[in-house]
Amino acid sequence: MADNKFKEFFQLGEVGNYFFRVFKKPAPNQKSNFNLRMMHGINKISILVFLAALIIWIVRRLM
């Protein structure tokens, strides 16, 4: 019972699963078009820039 609550607490949900899916290598049998690849590429860049800015902000606040 306690193990089940622990797993439920750390579930990522839809947003967390999207982050993992964006950075995962695409399946070779899945059809993809140029617009979809560019959208995921821009999402990767924006996520990385956001995380970098968050880290910089935290470091500046602590110093």
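**Exercise 1. In what order do the elements of the chain run from the N terminus on?**

Solution. This is a predicted model, in which local features need pLDDT of at least 70, side-chain atom pairs count only at pLDDT 80 or more, and totals for chains, interfaces and linings use all residues. Residues are numbered from 1 along each chain as its sequence is written, and side-chain values use heavy atoms, leaving out hydrogens and water.

Step 1. Helices (H or I, at least four residues) and strands (E, at least two) are taken as DSSP runs, numbered from the N terminus.
Step 2. The chain holds three helices and zero strands.
Step 3. The order is therefore α-α-α.

**Exercise 2. Determine which element has the highest mean pLDDT and which the lowest.**

Solution. Step 1. pLDDT, the predictor's confidence in each residue, runs from 0 to 100.
Step 2. The chain average is 80, and 83% of the residues score at least 70.
Step 3. Among the elements, α3 has the highest mean (91), while helix α1 (residues 2-9) has the lowest (65).

**Exercise 3. Characterise residues 41-59.**

Solution. Step 1. An unreviewed UniProt entry annotates residues 41-59 as "transmembrane region"; such annotations may be inferred rather than shown by experiment.
Step 2. Over residues 41-59 the chain is 100% helix and 0% strand, with the end C-alpha atoms 27 Å apart.

**Exercise 4. Classify Leu62 as buried or exposed.**

Solution. Step 1. Leu62 belongs to helix α3 (residues 34-62).
Step 2. Buried means under 20% relative accessible area, exposed over 50%, and partly exposed in between (1.4 Å probe, protein chains only).
Step 3. Leu62 is exposed because its relative accessible area is 72%.
Step 4. Across the chain of 63 residues, buried residues make up 5%.
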